[in-house]
Amino acid sequence: VSKIGNPLSTDSYSVDLAAGDPVSLHTAAVDTGGPLVPILEIYDPQGNSVDYGAPVAAGSHQVIHYTFTAKVSGSYTILVRDASKALTNTGSYAISILRPNRPCANVQGLTCAPVDGSVSGILGTSLYTATAKASDKFIVRLLRSDPGSSFLPHVDIYDPTGNAFQSLDAVDLARAVFTASAAGVYTLAVSDGFDNSQSGAFSLLLLPLNGSCAAGTLSCGAVSAGSFSRPLASPVYTYNAAPGESFTIRMMDNTGALQPAVEVYDAHGNPAGQNISGNLTGVDVTQPAGGSYTIVATDASKRPAGGPFGIDLLRTVNACGVTALQGQTASAVV
(Lines give C-alpha, C1' and ligand atoms only; values in the text may rest on other atoms or scores of the structure.)
Protein backbone atom coordinates (compact mmCIF):
# COMPACT_ATOMS: atom_id res chain seq x y z
CA VAL A 1 0.00 0.00 0.00
CA SER A 2 1.30 3.46 -0.90
CA LYS A 3 -0.02 6.97 -1.45
CA ILE A 4 -0.11 9.61 -4.13
CA GLY A 5 0.16 12.62 -1.84
CA ASN A 6 0.46 15.48 -4.27
CA PRO A 7 -1.26 16.48 -7.53
CA LEU A 8 0.68 15.57 -10.68
CA SER A 9 2.63 12.90 -8.75
CA THR A 10 3.47 9.51 -10.26
CA ASP A 11 4.92 6.54 -8.34
CA SER A 12 7.39 4.17 -9.99
CA TYR A 13 8.17 0.47 -9.42
CA SER A 14 10.33 -2.12 -11.18
CA VAL A 15 10.14 -5.89 -11.51
CA ASP A 16 12.49 -8.38 -13.16
CA LEU A 17 10.77 -10.70 -15.62
CA ALA A 18 11.90 -13.44 -17.98
CA ALA A 19 10.66 -13.72 -21.54
CA GLY A 20 7.45 -15.74 -21.54
CA ASP A 21 6.49 -14.93 -17.95
CA PRO A 22 2.72 -14.43 -17.62
CA VAL A 23 2.04 -11.49 -15.32
CA SER A 24 -1.08 -10.40 -13.48
CA LEU A 25 -0.98 -6.90 -11.93
CA HIS A 26 -3.71 -5.44 -9.75
CA THR A 27 -4.29 -1.96 -8.41
CA ALA A 28 -7.05 -0.54 -6.23
CA ALA A 29 -7.98 2.58 -4.32
CA VAL A 30 -7.73 2.07 -0.57
CA ASP A 31 -10.37 4.66 0.36
CA THR A 32 -13.85 3.83 -0.89
CA GLY A 33 -15.61 6.84 -2.35
CA GLY A 34 -12.36 8.78 -2.62
CA PRO A 35 -11.45 10.71 -5.79
CA LEU A 36 -8.35 8.69 -6.66
CA VAL A 37 -8.65 5.96 -9.30
CA PRO A 38 -5.10 4.57 -9.62
CA ILE A 39 -4.06 3.22 -13.01
CA LEU A 40 -0.83 1.67 -14.26
CA GLU A 41 1.51 2.29 -17.16
CA ILE A 42 3.84 -0.64 -17.90
CA TYR A 43 7.09 -0.43 -19.88
CA ASP A 44 9.46 -3.18 -21.02
CA PRO A 45 13.28 -3.05 -20.51
CA GLN A 46 13.69 -0.99 -23.72
CA GLY A 47 11.07 1.55 -22.63
CA ASN A 48 8.31 0.29 -24.91
CA SER A 49 4.77 0.53 -23.60
CA VAL A 50 3.33 -2.92 -22.83
CA ASP A 51 -0.04 -3.65 -24.40
CA TYR A 52 -2.53 -4.92 -21.81
CA GLY A 53 -5.82 -3.58 -23.18
CA ALA A 54 -8.03 -0.83 -21.78
CA PRO A 55 -8.25 -0.89 -17.96
CA VAL A 56 -11.72 -1.02 -16.44
CA ALA A 57 -12.24 -0.01 -12.81
CA ALA A 58 -14.79 -2.08 -10.87
CA GLY A 59 -16.19 -2.21 -7.36
CA SER A 60 -16.10 0.25 -4.49
CA HIS A 61 -12.28 0.15 -4.43
CA GLN A 62 -11.95 0.75 -8.19
CA VAL A 63 -9.99 -2.50 -8.65
CA ILE A 64 -8.27 -2.82 -12.03
CA HIS A 65 -6.61 -6.01 -13.34
CA TYR A 66 -3.81 -6.02 -15.92
CA THR A 67 -2.52 -9.19 -17.60
CA PHE A 68 0.27 -9.58 -20.12
CA THR A 69 3.09 -11.91 -21.11
CA ALA A 70 6.65 -10.60 -20.98
CA LYS A 71 8.14 -10.63 -24.49
CA VAL A 72 11.74 -9.94 -23.43
CA SER A 73 13.77 -10.54 -20.30
CA GLY A 74 14.86 -7.69 -18.06
CA SER A 75 13.61 -5.01 -15.69
CA TYR A 76 10.09 -3.75 -16.34
CA THR A 77 8.94 -0.33 -15.10
CA ILE A 78 5.48 0.19 -13.61
CA LEU A 79 4.12 3.73 -13.16
CA VAL A 80 1.12 4.46 -10.92
CA ARG A 81 -0.85 7.66 -11.46
CA ASP A 82 -4.30 9.20 -11.10
CA ALA A 83 -6.66 8.19 -13.89
CA SER A 84 -7.92 11.73 -14.44
CA LYS A 85 -6.38 13.76 -17.26
CA ALA A 86 -5.55 16.57 -14.85
CA LEU A 87 -3.72 14.22 -12.45
CA THR A 88 -5.09 16.25 -9.55
CA ASN A 89 -6.60 13.50 -7.38
CA THR A 90 -4.63 12.13 -4.43
CA GLY A 91 -5.08 9.23 -2.03
CA SER A 92 -3.84 5.82 -0.93
CA TYR A 93 -3.70 2.85 -3.26
CA ALA A 94 -2.68 -0.82 -3.25
CA ILE A 95 -0.72 -2.64 -5.94
CA SER A 96 0.11 -6.34 -6.27
CA ILE A 97 1.76 -8.64 -8.80
CA LEU A 98 1.35 -12.36 -9.46
CA ARG A 99 3.76 -14.37 -11.59
CA PRO A 100 2.02 -17.77 -11.53
CA ASN A 101 4.60 -19.75 -13.51
CA ARG A 102 7.34 -18.73 -11.07
CA PRO A 103 5.67 -17.86 -7.76
CA CYS A 104 7.58 -16.14 -5.01
CA ALA A 105 9.75 -18.07 -2.57
CA ASN A 106 8.32 -19.67 0.58
CA VAL A 107 5.07 -20.68 -1.11
CA GLN A 108 3.44 -23.58 0.75
CA GLY A 109 3.23 -26.88 -1.10
CA LEU A 110 -0.03 -28.86 -1.03
CA THR A 111 0.04 -32.62 -0.54
CA CYS A 112 -2.91 -34.78 0.56
CA ALA A 113 -3.89 -32.93 3.73
CA PRO A 114 -6.04 -29.81 4.17
CA VAL A 115 -4.34 -26.54 5.10
CA ASP A 116 -5.62 -23.48 6.93
CA GLY A 117 -4.86 -20.03 5.59
CA SER A 118 -5.95 -16.43 5.61
CA VAL A 119 -6.14 -13.40 3.36
CA SER A 120 -5.34 -9.99 4.81
CA GLY A 121 -6.21 -6.56 3.47
CA ILE A 122 -6.94 -5.12 0.09
CA LEU A 123 -5.60 -7.26 -2.81
CA GLY A 124 -4.37 -9.85 -0.28
CA THR A 125 -3.47 -13.27 -1.71
CA SER A 126 -2.23 -16.58 -0.32
CA LEU A 127 -0.28 -18.81 -2.73
CA TYR A 128 0.13 -22.60 -2.83
CA THR A 129 1.77 -25.01 -5.26
CA ALA A 130 1.28 -28.66 -6.23
CA THR A 131 3.19 -30.96 -8.57
CA ALA A 132 1.26 -33.05 -11.07
CA LYS A 133 1.78 -35.39 -13.98
CA ALA A 134 -0.14 -34.88 -17.21
CA SER A 135 -3.76 -36.09 -16.90
CA ASP A 136 -3.60 -36.37 -13.08
CA LYS A 137 -6.99 -35.64 -11.53
CA PHE A 138 -7.54 -33.67 -8.31
CA ILE A 139 -10.40 -32.86 -5.97
CA VAL A 140 -10.36 -29.24 -4.75
CA ARG A 141 -12.33 -28.31 -1.62
CA LEU A 142 -12.51 -24.77 -0.26
CA LEU A 143 -14.15 -23.82 3.06
CA ARG A 144 -15.13 -20.39 4.31
CA SER A 145 -14.13 -20.49 7.98
CA ASP A 146 -16.41 -17.70 9.22
CA PRO A 147 -19.82 -17.68 7.50
CA GLY A 148 -20.70 -14.39 9.19
CA SER A 149 -17.90 -12.38 7.60
CA SER A 150 -17.94 -10.52 4.29
CA PHE A 151 -14.84 -12.43 3.18
CA LEU A 152 -15.61 -14.76 0.25
CA PRO A 153 -12.77 -17.24 -0.44
CA HIS A 154 -11.90 -17.46 -4.12
CA VAL A 155 -9.21 -19.70 -5.61
CA ASP A 156 -7.66 -19.43 -9.08
CA ILE A 157 -5.71 -22.41 -10.43
CA TYR A 158 -2.83 -21.80 -12.85
CA ASP A 159 -1.10 -24.42 -14.99
CA PRO A 160 2.72 -24.77 -15.19
CA THR A 161 2.91 -22.09 -17.92
CA GLY A 162 0.91 -19.64 -15.80
CA ASN A 163 -2.41 -19.84 -17.64
CA ALA A 164 -5.51 -19.60 -15.42
CA PHE A 165 -7.85 -22.44 -16.33
CA GLN A 166 -10.16 -22.99 -13.34
CA SER A 167 -11.54 -21.08 -10.36
CA LEU A 168 -13.79 -21.74 -7.37
CA ASP A 169 -15.79 -19.59 -4.91
CA ALA A 170 -16.87 -20.77 -1.47
CA VAL A 171 -19.97 -19.19 0.05
CA ASP A 172 -19.74 -22.03 2.57
CA LEU A 173 -18.13 -25.27 1.37
CA ALA A 174 -17.27 -25.60 -2.33
CA ARG A 175 -15.87 -28.48 -4.34
CA ALA A 176 -14.53 -29.00 -7.86
CA VAL A 177 -12.47 -31.51 -9.85
CA PHE A 178 -9.72 -30.59 -12.28
CA THR A 179 -7.41 -32.52 -14.59
CA ALA A 180 -3.78 -31.53 -15.03
CA SER A 181 -3.26 -30.46 -18.63
CA ALA A 182 0.51 -30.97 -18.50
CA ALA A 183 3.22 -32.16 -16.15
CA GLY A 184 4.72 -29.55 -13.84
CA VAL A 185 4.01 -27.27 -10.89
CA TYR A 186 0.52 -25.81 -10.52
CA THR A 187 -0.15 -22.61 -8.58
CA LEU A 188 -3.29 -21.96 -6.52
CA ALA A 189 -3.98 -18.35 -5.52
CA VAL A 190 -6.59 -17.71 -2.82
CA SER A 191 -8.02 -14.18 -2.60
CA ASP A 192 -11.18 -12.36 -1.56
CA GLY A 193 -13.94 -12.85 -4.12
CA PHE A 194 -16.27 -10.26 -2.54
CA ASP A 195 -14.52 -6.99 -3.43
CA ASN A 196 -10.78 -7.85 -3.21
CA SER A 197 -10.50 -6.03 0.12
CA GLN A 198 -11.99 -8.30 2.80
CA SER A 199 -9.82 -10.20 5.28
CA GLY A 200 -10.67 -13.68 6.51
CA ALA A 201 -9.73 -17.29 7.08
CA PHE A 202 -10.24 -20.37 4.92
CA SER A 203 -9.34 -24.03 4.65
CA LEU A 204 -8.14 -25.59 1.39
CA LEU A 205 -7.69 -29.19 0.26
CA LEU A 206 -6.12 -30.44 -2.95
CA LEU A 207 -6.53 -34.22 -3.09
CA PRO A 208 -4.78 -36.11 -5.92
CA LEU A 209 -6.54 -39.20 -7.26
CA ASN A 210 -3.40 -40.81 -8.73
CA GLY A 211 -2.73 -43.08 -5.75
CA SER A 212 -0.02 -40.89 -4.24
CA CYS A 213 -1.86 -40.31 -0.94
CA ALA A 214 -1.38 -42.71 1.95
CA ALA A 215 -4.48 -44.89 1.92
CA GLY A 216 -6.14 -47.62 3.91
CA THR A 217 -7.07 -50.88 2.20
CA LEU A 218 -10.65 -52.10 2.20
CA SER A 219 -11.31 -55.82 2.53
CA CYS A 220 -14.49 -57.49 1.40
CA GLY A 221 -17.00 -57.79 4.24
CA ALA A 222 -14.91 -56.03 6.87
CA VAL A 223 -15.96 -52.66 8.31
CA SER A 224 -13.13 -50.14 8.58
CA ALA A 225 -13.39 -47.53 11.33
CA GLY A 226 -12.37 -43.99 10.46
CA SER A 227 -12.67 -40.46 11.78
CA PHE A 228 -12.73 -36.92 10.43
CA SER A 229 -10.14 -35.24 12.62
CA ARG A 230 -10.71 -31.71 11.27
CA PRO A 231 -12.68 -29.77 8.64
CA LEU A 232 -11.98 -30.91 5.05
CA ALA A 233 -10.33 -34.14 6.25
CA SER A 234 -10.88 -36.72 3.48
CA PRO A 235 -9.65 -40.25 4.31
CA VAL A 236 -8.64 -42.26 1.25
CA TYR A 237 -8.98 -46.04 0.76
CA THR A 238 -8.05 -48.44 -2.03
CA TYR A 239 -9.56 -51.66 -3.33
CA ASN A 240 -8.30 -54.00 -6.05
CA ALA A 241 -11.24 -55.30 -8.08
CA ALA A 242 -11.17 -58.18 -10.53
CA PRO A 243 -12.68 -57.47 -13.98
CA GLY A 244 -16.47 -57.80 -13.82
CA GLU A 245 -16.47 -58.36 -10.05
CA SER A 246 -19.11 -55.82 -9.00
CA PHE A 247 -18.93 -54.29 -5.53
CA THR A 248 -20.69 -51.80 -3.31
CA ILE A 249 -19.32 -49.25 -0.82
CA ARG A 250 -21.35 -48.28 2.25
CA MET A 251 -20.52 -45.42 4.64
CA MET A 252 -22.03 -45.26 8.13
CA ASP A 253 -22.36 -42.16 10.35
CA ASN A 254 -21.78 -43.41 13.89
CA THR A 255 -23.06 -40.33 15.73
CA GLY A 256 -25.57 -38.62 13.43
CA ALA A 257 -23.42 -35.47 13.41
CA LEU A 258 -22.04 -35.93 9.89
CA GLN A 259 -23.29 -35.50 6.37
CA PRO A 260 -21.45 -38.53 5.01
CA ALA A 261 -20.44 -38.71 1.36
CA VAL A 262 -18.35 -41.28 -0.47
CA GLU A 263 -16.87 -41.22 -3.96
CA VAL A 264 -15.24 -44.00 -6.00
CA TYR A 265 -12.65 -43.46 -8.76
CA ASP A 266 -11.09 -45.94 -11.16
CA ALA A 267 -7.37 -46.39 -11.84
CA HIS A 268 -7.42 -43.37 -14.21
CA GLY A 269 -9.09 -41.06 -11.70
CA ASN A 270 -12.49 -41.20 -13.41
CA PRO A 271 -15.67 -41.39 -11.27
CA ALA A 272 -17.01 -44.93 -11.01
CA GLY A 273 -20.38 -46.36 -9.99
CA GLN A 274 -23.78 -44.96 -9.08
CA ASN A 275 -24.89 -43.46 -5.77
CA ILE A 276 -27.19 -45.67 -3.72
CA SER A 277 -30.70 -44.25 -3.34
CA GLY A 278 -32.64 -44.39 -0.10
CA ASN A 279 -31.40 -44.01 3.46
CA LEU A 280 -27.94 -45.44 2.80
CA THR A 281 -24.83 -43.51 1.84
CA GLY A 282 -22.89 -45.50 -0.70
CA VAL A 283 -21.90 -46.28 -4.26
CA ASP A 284 -22.62 -49.38 -6.37
CA VAL A 285 -19.93 -50.22 -8.92
CA THR A 286 -21.28 -52.62 -11.53
CA GLN A 287 -19.07 -54.71 -13.83
CA PRO A 288 -15.84 -52.82 -13.12
CA ALA A 289 -13.02 -52.92 -15.64
CA GLY A 290 -10.73 -54.13 -12.88
CA GLY A 291 -7.65 -52.68 -11.22
CA SER A 292 -7.07 -50.38 -8.28
CA TYR A 293 -10.02 -48.24 -7.19
CA THR A 294 -9.75 -45.17 -4.95
CA ILE A 295 -12.47 -44.49 -2.38
CA VAL A 296 -12.72 -41.03 -0.80
CA ALA A 297 -14.81 -40.46 2.34
CA THR A 298 -15.90 -36.90 3.18
CA ASP A 299 -18.14 -34.94 5.49
CA ALA A 300 -20.19 -32.74 3.14
CA SER A 301 -21.65 -30.56 5.91
CA LYS A 302 -21.43 -26.81 5.31
CA ARG A 303 -19.82 -26.51 8.74
CA PRO A 304 -17.98 -29.84 9.11
CA ALA A 305 -17.19 -30.57 12.74
CA GLY A 306 -15.68 -34.04 12.33
CA GLY A 307 -16.38 -37.30 14.05
CA PRO A 308 -16.19 -41.09 13.65
CA PHE A 309 -17.58 -43.14 10.78
CA GLY A 310 -17.46 -46.67 9.39
CA ILE A 311 -16.92 -47.76 5.80
CA ASP A 312 -17.68 -51.18 4.38
CA LEU A 313 -17.08 -52.92 1.04
CA LEU A 314 -19.09 -55.91 -0.19
CA ARG A 315 -18.81 -57.75 -3.46
CA THR A 316 -22.14 -58.09 -5.23
CA VAL A 317 -20.68 -60.65 -7.63
CA ASN A 318 -18.74 -63.51 -6.03
CA ALA A 319 -19.90 -62.72 -2.50
CA CYS A 320 -17.40 -62.25 0.32
CA GLY A 321 -18.57 -65.09 2.56
CA VAL A 322 -18.30 -68.86 2.15
CA THR A 323 -21.32 -70.40 0.44
CA ALA A 324 -23.49 -72.28 2.94
CA LEU A 325 -23.92 -75.96 2.18
CA GLN A 326 -27.40 -77.26 1.47
CA GLY A 327 -29.20 -78.45 4.58
CA GLN A 328 -26.88 -76.69 7.03
CA THR A 329 -27.82 -73.83 9.34
CA ALA A 330 -25.60 -70.78 9.08
CA SER A 331 -25.25 -68.39 12.03
CA ALA A 332 -23.57 -65.02 12.21
CA VAL A 333 -23.70 -61.66 13.99
CA VAL A 334 -24.75 -58.30 12.46
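**Exercise 1.** Work out what volume the second largest pocket has and which residues line it.

*Solution.* Start with the space: the second largest pocket has a volume of about 150 Å³. Here a pocket is an open set of points on a 1 Å grid over the protein atoms alone where a 1.4 Å probe fits, with protein on both sides within 12 Å along at least five of seven lines, and lining residues have an atom within 4 Å of a point. Volume is the space filled by probe spheres set on the points, which are joined across faces, edges and corners. Next, the lining: among its residues are Asp44, Phe68, Lys71 and Tyr76.

A quick note on the model: it's predicted, with local features needing pLDDT of at least 70 and side-chain atom pairs pLDDT 80 or more, while totals for chains, interfaces and linings use all residues. Residues are numbered from 1 along each chain, and side-chain values use heavy atoms, without hydrogens and water.

**Exercise 2.** Find which strand gives the most to the lining of the largest pocket.

*Solution.* This pocket holds about 380 Å³ of space and is lined by 21 residues, with His26, Ser96, Leu98, Leu123 and Thr125 nearest its centre. Strands (DSSP runs of E, at least two residues, numbered from the N terminus) E3, E7, E10, E12 and E15 each supply at least two lining residues. E15 gives the most, with 4.

**Exercise 3.** Trace the order of the strands in the open sheet of 4 strands.

*Solution.* The order is E1-E7-E3-E5, paired antiparallel; pairing takes at least two DSSP bridges between two strands. E1 and E5 each have a single partner strand, so one side of each lacks a neighbour in the sheet. Inside, 6 bridges join E3 to E7, and Ala29 has Tyr93 in E7 as its bridge partner.
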